[in-house]
Amino acid sequence: MTAARRLIRNARLIDPDSGLDAAGDLLIEGDRIAAIGPGLADAGFAENTEIIDAGGLCLAPGLVDMRVQLREPGAEHMESIESAGHAAAAGGVTTMVALPNTEPPVDDVSVVEFVARRAREARLAKLHTYAAATKGLKGRELTEMGLLAANGALGFTDGVQPIADALVMRRVLAYARSFDQLVIQHPEEPSLGGAGEVTEGEIATRLGLPAVTPMAEIIMIERDLRLVEITGARFHIAHVSTAGGIDAIRRAKAAGLPVTCDTAPPYFALNETAIGDYRTFAKLSPPLRSEADRRAVVAGIADGTIDAIASDHAPWDQDSKRLPFSSAACGIVGLETLLPLSLELYHNRHLELIEVLRRLTINPARILGLDVGRLVPGSPADLVLFDPDMPWRIDTERFRSKSKNAPFDGRPVQGHAVQTIVDGRTIFIRQG
Amino acid sequence: MQEYRFGHRHLLGIEGLTPDDISHVLDLADGYVELNRQAEKKNALLRGRTLINCFFENSTRTRTSFEVAGKRLGADVINMAVQASSMRKGETLIDTAMTLNAMHPDVLVVRHPESGAVQLLSEKVDCAVINAGDGSHEHPTQALLDALTIRRRKGKLGGLTVAVCGDVLHSRVARSNIALLTVMGARVRVVAPRTLLPAAVERLGVEVFHDMAAGLKDVDIVMMLRLQVERMHGSFVPSTREYFHFFGLDYDKLKLAKPDALIMHPGPMNRGVEIGSEVADDIDRSLIRHQVEAGVAVRMACLELLAGQPSNRPSLQ
């Protein structure tokens, strides 16, 4: 039975929204944050209160992961809502947002309700879902955006597929704006992509793999930004990975367009050389890029052009990856490595710790319109207690996720979640 | 001096072979050219050994060449055309590899339409694997037979200038030849319209030309590549007529090369598309039939190196 009052004392409180980064305590009452500040423990709160000694570790808002693929409904053997919830909890993620590319896809109110019900039953990390922008994710007819939004869909996207047709995209943006809904795009011009899952260049040429020019991303971003200009819709670009794409977004933001974007850890932690000799675990969409693009992603995160870091969690079983490179599925699991890989930006001195956390908490929460991601009295008590420095090696065999497809196996990293709290309840404690 | 040893378990590509490895294969193959010209062509080096030709993509020439090579060395040769059978039923490449492995072959000769697939298969079996062409990646025995053909005629590889002309983008033959010729000290040029060249091709150590007149000037060897039918009509080049006009090999273009320049083609040829018949059939200039002859010899040499030693055969646990 969870105590109604829990006091976390002796913590380093970090709240990117208010700029707070100081030693102090945090009091939880029920599912809300009741108070924060130094010396709460001395002020007589200890009666009937569960005391958690943080031992000087960091206490921050739980991570908000705005791009996660679930395989439920449809392929629960790769990932279920429950297994993803456990993976999220272990990764310090307290809110995740699922893409609609399940089977059936989330293009109907009943599927939105199904996902919500399964998440309630799991009682782990909070789960929201985007809904499909077009029926069946086919890129042709609009979904019932108004009804889907009224039933909890957080935004509209065709998931891992771009909304390719310019006229359909214009109507998606215009219609979504009528309901003040967010549209999220996978930015890749498919007619330039062909079968490419590697970036055009020396590595693709040596391996003899069908390659895609990075212009496919840049062209789609530039096109969509023009459509945002005429529709005024709130627009979010997923997993940007190119210097040119980031530049285009930087200019659009300066011009005042309502645009935001995210990237995922592989795009700042790896470059195309990770493919090596056809390593399918390094096959992603968009594909891994050149070192120059990787550096541009780091710079885009640092200067705020890139608003958020999302895991881009894409669970696949062995059968989907133990194939010739061109036949293998795209994507890697990321919920359990989002925090340590993002902390590399801090350890490598690209960003202050609080700035890394900003891109993992309040920024995605704001984009999504969610009342989470802050340490203020009255907010949901969604928290992560973490050690920012603890050195360890990623071991995919220990992932809670049902799928183990990650190119980071064996990578030495620093920092991990020690305890994860959702609505005042502890959903994860690291053992040992 | 240390005795030379061919230190590779598989032959997956030219990439990774040293000049010594290549010269050793070619020296052995030279001997097999002579053997193959005799009435009695057989030896018993691979007697009792099993070679499986495992082709996931259509091939007549390469498969036959390996079959002849295996049989002349006394091996039992089995041909499997996989594209029609198990892959259609959903069996994965790895399943196929495991199945074949359990039959205790000594060599698998594998062709597959996807780059990297032969390497993947080689990781799952206990026997030697020879890549007979994987996607647009490598076709090492083709490059070795081309090198043997050139060396027998010119006496060397180093110092020659070789123009590789045509669809470099999709060609595993081009990649293997570029790797082999550059490591052996030849100067390599590629000549093609920009739609048929991969990005950053100059990083492979070649000079790039988009014009046959400039590209063929003073070369010793003109190596033509096959243009697949599905790429002829509008997708990569507008028409076969235009392609032949600008990039097909005829005497007008050939006269820009050295007077003793020789012509090669991996086959099968598209006459009138990438190469004119009169050039292809020129008995003094064209090495095309010699390439086929060298193919059997080179494959015998590779089989000897990979399957000839008992130590190269770990037991199946």
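Predicted model: local features only at pLDDT ≥ 70, side-chain atom pairs only at ≥ 80, totals over all residues.

User: How do I read the radius of gyration of chain B against the globule rule?

Analyst: The globule rule gives a value from the number of residues. For the 317 residues of chain B the rule gives 20 Å and the model has 19 Å, so chain B is as compact as a globular protein of that length. Chain A agrees with the rule too: a compact globule of 432 residues would have a radius near 22 Å, and chain A has 21 Å. Along the principal axes, the C-alpha trace of chain A spans about 65 × 45 × 45 Å. The C-alpha atoms of chain B fill a box of roughly 60 × 50 × 35 Å.

User: What share of the residues is buried in chain A, and what share in chain B?

Analyst: A residue counts as buried under 20% relative accessible area, and as exposed over 50%. By that cut-off, 61% of the 432 residues of chain A are buried. In chain B, buried residues make up 56% of the 317.

User: What do contacts say about how chain A is put together?

Analyst: Look at how far apart in sequence the contacting residues are. Taking contacts in chain A between residues at least 6 apart, 75% join residues at least 24 apart. For chain B, counted in this way, the share is 73%.

User: Which residues does Arg67(A) contact beyond its neighbours in sequence?

Analyst: First find its place: Arg67(A) is in strand 6 (residues 63-68) of chain A. Its relative accessible area is 1%, so Arg67(A) is buried. Beyond neighbours within four places in sequence, its contacts include Val97(A), Leu99(A), Ile184(A), His186(A), His239(A) and Asp312(A). The C-alpha atom of Arg67(A) is also 10.0 Å from that of Gly334(A), although the two residues are 267 apart along the chain.

User: How many residues of helix 12 of chain A are buried?

Analyst: Helix 12 (residues 338-347) is mostly covered, with eight of its 10 residues buried. Among them are Leu338(A), Pro340(A), Ser342(A) and Glu344(A).

User: What should I check in the backbone?

Analyst: Most residues other than glycine have a negative phi, and most peptide bonds are trans. Arg349(A), which follows helix 12, is not a glycine but has a positive phi of about 65°. With a relative accessible area of 77%, Arg349(A) is exposed. Asp423(A) also has a positive phi, near 50°. Asp423(A) is in the loop between strand 18 (412-422) and strand 19 (425-429) of chain A, and at 28% relative accessibility it counts as partly exposed.

User: Where are cis peptide bonds found?

Analyst: One runs from Glu72(A) to Pro73(A), with omega near 5°. Pro73(A) is in the loop between strand 6 and helix 1 (81-90) of chain A. Another joins Glu103(A) and Pro104(A), with omega about 0°. Pro104(A) is in the loop between strand 7 (93-98) and helix 2 (109-122) of chain A.

User: How many residues of each chain are in contact across the interface?

Analyst: The interface has 16 residues of chain A in contact with 21 residues of chain B. The two chains bury about 1,500 Å² between them, 54% of it on carbon and sulfur atoms. On the chain A side, Thr205(A), Arg206(A) and Arg322(A) lose the most area to chain B, together 37% of what that side buries.

Conventions
Residues numbered from 1 in each chain as written. Chains lettered and ligands numbered in written order. Heavy atoms only, no water. Rg over C-alpha atoms; globule rule 2.2 N^0.38 Å. Buried < 20%, exposed > 50% of the residue type's maximum accessible area, 1.4 Å probe, protein only. Contact = heavy atoms within 4.5 Å. Helix = DSSP H or I, 4+ residues; strand = E, 2+ residues; numbered from the N terminus. Buried area = accessible area lost by both parts, 1.4 Å probe.
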